[in-house]
Amino acid sequence: MSASVPRLAWTSASATDAGRVRALNEDSLLDRADLGLWAVADGMGGHKAGDLASRLVVEALGAVPEPSFLGRAVTDLRRRLDAVNQRLLTEARLRGEGIIGSTVATLQAVGGHCALLWAGDSRIYRLRGAELRQLTRDHSHVGELVEQGLLARKDAERHPAANVITRAVGADARLVLDTQIQELCGGDRFLLCTDGLTREVSDEEIAGLLAQGDITAAAEALVRRACDQGARDNVTVVIVAFTGGAAD
């Protein structure tokens, strides 16, 4: 006889702050546990255009129907982000802006698996047991230097070109998204965050704060830690905790 595996369930919490330098918060977030869908977006562009870009990204994602199949959900998310990409290109032309764009990092859970889609340097981490792992790869100039072995990871956040990204929604005529499928385990915690967190808080500190029992307190603690460190940029986090299913 085969035993049935308990169904996975999830809860989520989020927090955001303009930081200690910027007057405007151009980050946006999506926290839709009812859809099994979460995202962060970090906007860029002059005259509040970054705020518009990140908001359009999360609004488009949040309008998806409840998914029944992961593959179909990924196709729908890609289609919606493609549409936002074209809208931002048009908006930039109308406003005479060079680029109106936004990073995006999104997590879609269906059943026992999840899909990660991203462009830019907003990140998704997974805490499984005591191990924190960055699942996404930064689409940035310094990210490429790190991958090529030309820059130590510990020096990346302080590099003069740390804020130069190589992909974003609205940056090019064709949006290129990376996609990754992950199997979920009970006890997993995922963190979606903009670079306002990772520029100020080390992976070791992130792991310790993410492991706090209450995810709402953990989200607030992560943002507070970045602000205590000077928060040169907007700071946004979303935490998703998975329970049930098969533990790792």
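Biologist: Within what distance do the axes of H1 and H2 come, and at roughly what angle do they cross?

Modeller: The model is a predicted one, and the description below should be read accordingly. The axes of H1 and H2 come within 9 Å and cross at roughly 155 degrees. Angles over 145 degrees count as roughly antiparallel, and H1 and H2 are therefore roughly antiparallel to each other. The crossing of this pair, H1 and H2, is right-handed. On the H1 side, the contact is made by Ala-49, Leu-52, Ala-53, Leu-56, Val-57, Ala-60 and Leu-61. On the H2 side, the contributing residues are Leu-77, Arg-80, Leu-81, Val-84, Arg-87, Leu-88, Glu-91 and Arg-95. By class, the contact of H1 with H2 comprises 11 nonpolar and 4 charged residues, with no polar ones.

The surroundings of Leu-61 can be listed individually: beyond its neighbours within four places in sequence, Leu-61 is in contact with Leu-30, Leu-37, Ala-39, Leu-77, Leu-81, Val-104 and Thr-106.

Leu-35 lies in the loop between strand S2 (27-32) and S3. With a relative accessible area of 9%, Leu-35 is buried, since the cut-off for that class is under 20%. Leu-35 and Gly-62 are 27 residues apart along the chain, and their C-alpha atoms are separated by 8.5 Å. Setting aside neighbours within four places in sequence, the contacts of Leu-35 are with Gly-62, Val-64, Pro-65, Glu-66, Pro-67, Gln-108 and Ala-109.

A further helix pair, H6 and H7, may be set beside the pair already described. The axes of H6 and H7 come within 9 Å and cross at roughly 150 degrees. That angle makes H6 roughly antiparallel to H7. The crossing of H6 and H7 is right-handed. Glu-205, Ile-206, Leu-209 and Leu-210 of H6 form the contact with Ala-218, Ala-221, Leu-222 and Arg-225 of H7. The residues in the contact of H6 with H7 divide into 6 nonpolar, no polar and 2 charged.

H6 also has other packing partners. In helix H6 (residues 203-210), the buried residues are Ile-206, Ala-207, Leu-209 and Leu-210. These buried residues of H6 pack against strand S7 (123-128), strand S8 (131-134), strand S10 (189-193), helix H5 (195-198), helix H7 (215-228) and strand S11 (235-243).

Strand S11 contains Ile-239, which counts as buried at 0% relative accessibility. Although Ile-239 and Phe-190 are 49 residues apart in sequence, they are 5.7 Å apart in space, C-alpha to C-alpha. Apart from neighbours within four places in sequence, Ile-239 is in contact with Thr-11, Ser-12, Ala-13, Phe-190, Leu-191, Leu-210, Ile-215, Ala-218, Ala-219 and Leu-222.

Thr-194 is found in the loop between S10 and H5, and is buried, with a relative accessible area of 0%. Neighbours within four places in sequence excluded, Thr-194 is in contact with Asp-27, Val-40, Ala-41, Asp-42, Ser-122, Asn-234, Val-235 and Thr-236. Ala-231 is found in the loop between H7 and S11 and is likewise buried, with a relative accessible area of 0%. Most residues other than glycine have a negative phi. Ala-231, although not a glycine, has a positive phi of about 35 degrees.

Finally, some totals for the chain give the setting. The secondary structure comes to 7 helices and 11 strands. Of the 248 residues in the chain, 54% are buried. Among contacts between residues at least 6 apart in sequence, 71% join residues at least 24 apart.

Conventions: Residues are numbered from 1 along each chain as its sequence is written. This is a predicted model: local features need pLDDT of at least 70, side-chain atom pairs count only at pLDDT 80 or more; totals for chains, interfaces and linings use all residues. Side-chain values use heavy atoms; hydrogens and water are left out. Buried means under 20% relative accessible area, exposed over 50%, partly exposed in between (1.4 Å probe, protein chains only). Helices (H or I, at least four residues) and strands (E, at least two) are DSSP runs, numbered from the N terminus. Contact means heavy atoms within 4.5 Å. Axes are lines fitted to C-alpha atoms, for helices over the stretch in contact, and angles run from 0 to 180 degrees between N-to-C directions. Angles under 35 degrees count as roughly parallel, over 145 as roughly antiparallel, 65 to 115 as roughly perpendicular and the rest as oblique. A crossing is left-handed if the near helix is turned anticlockwise from the far one by less than a right angle, and right-handed if clockwise. Ala, Val, Leu, Ile, Met, Phe, Trp, Tyr, Cys and Pro count as nonpolar, Asp, Glu, Lys and Arg as charged, and the others, Gly among them, as polar.
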